[in-house]
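This report describes one part of a protein chain, heading by heading. Look at the sequence and the structure first, then read on.

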Amino acid sequence: MNKEKLPFEMPSFDLTGKVAVVTGGTKGLGYGIVMALAYHGAKVVVTSRHQDDCDAVAKEVEEMGGTAMGIKTDVQNIDEIQNLVDKTVEKYGRLDIMVNNAGVAVTKRLTDMTEADYNKVIDSNLKSVYFGSQAAAKQMIAQGEGGKIINMCSIGGIKGNNQLSTYGASKAGAINLTKSMAWEWGRYGINVNAICPGYVKTALNAEQLENPKFKEKTLKGIPLRRFGTVQEIAALTLFLASDSCNMLTGEAIVADMGATLGGNV
């Protein structure tokens, strides 16, 4: 089709000239997101708690022909979050896309959870989103060109969870926080959205998800009868980060193959 004959200009997934930060970007969903954003032209800053891991993923991006650097960051620490944003701007001159992906889970019964367990999960999954987004938004506001903030949440934040009470509470908080951020920062052209994945197969959980007994039982409750993939969440993140998604803000997109639909499937 001749693009010149289109009656209007179509938005693009091209991120050339954009700078993105992906927390927890060395494994699982974060790794896939780093690769997707880099492939589509963004300069990507990769974070995790280990500099060697950050550097290894950044090197992969460079070998792919992209641009990246790694910055060791403990997202539970506000000073380290600010350092992440400062170093990103020092290196690349700006920040356009913030993906708050890092998080943890502690699997215990409510009666067995300790205060240390609680603090670890809440600080990793909620506090980090609050202050990571805050630091990113301040920079985006100063730039005066808007931006995209994407918070990785979970269907655990919209339904009850057996032995994952604190995880679910932290993700529910992050979903609500996404809406408040979208309301406050919309005037600056900043879009804030959340992604709520269901079961997504990664290297970290592949053994559990492929256990025949667990797999058969779990898939019975999923209308599409399959687990998600890292690539699919990466593609959804790309959509939210791109100009193809400039109208959407304050939303929590459920990507769970229909698992939370309810009913008999």
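## Helix α1

Helix α1 covers residues 28-39, twelve residues in all, and at 1.5 Å a residue it should span 16 Å; the C-alpha atoms at its ends are 17 Å apart, which agrees. The expected span is 1.5 Å times one less than the number of residues. Helices (H or I, at least four residues) and strands (E, at least two) are DSSP runs, numbered from the N terminus.

Nine of the twelve residues of α1 are buried, so the helix is largely enclosed by the rest of the structure. Buried means under 20% relative accessible area, with a 1.4 Å probe and protein chains only. The buried residues of α1 are L29, G30, G32, I33, V34, M35, A36, L37 and A38. After α1 comes G41, with a positive phi near 105 degrees.

## Basis of the model

The model is predicted: local features need pLDDT of at least 70, side-chain atom pairs count only at pLDDT 80 or more, and totals for chains, interfaces and linings use all residues. Residues are numbered from 1 along each chain as its sequence is written, and side-chain values use heavy atoms, leaving out hydrogens and water.

Two strands pair if DSSP finds at least two bridges between them. β1 runs parallel to β2 (residues 43-48), joined by four bridges, and V21 has V45 as its bridge partner in β2. β1 also runs parallel to β4 (residues 97-100), joined by three bridges; there the bridge partner of V21 is M98.

Key. Buried means under 20% relative accessible area, exposed over 50%, partly exposed in between (1.4 Å probe, protein chains only).
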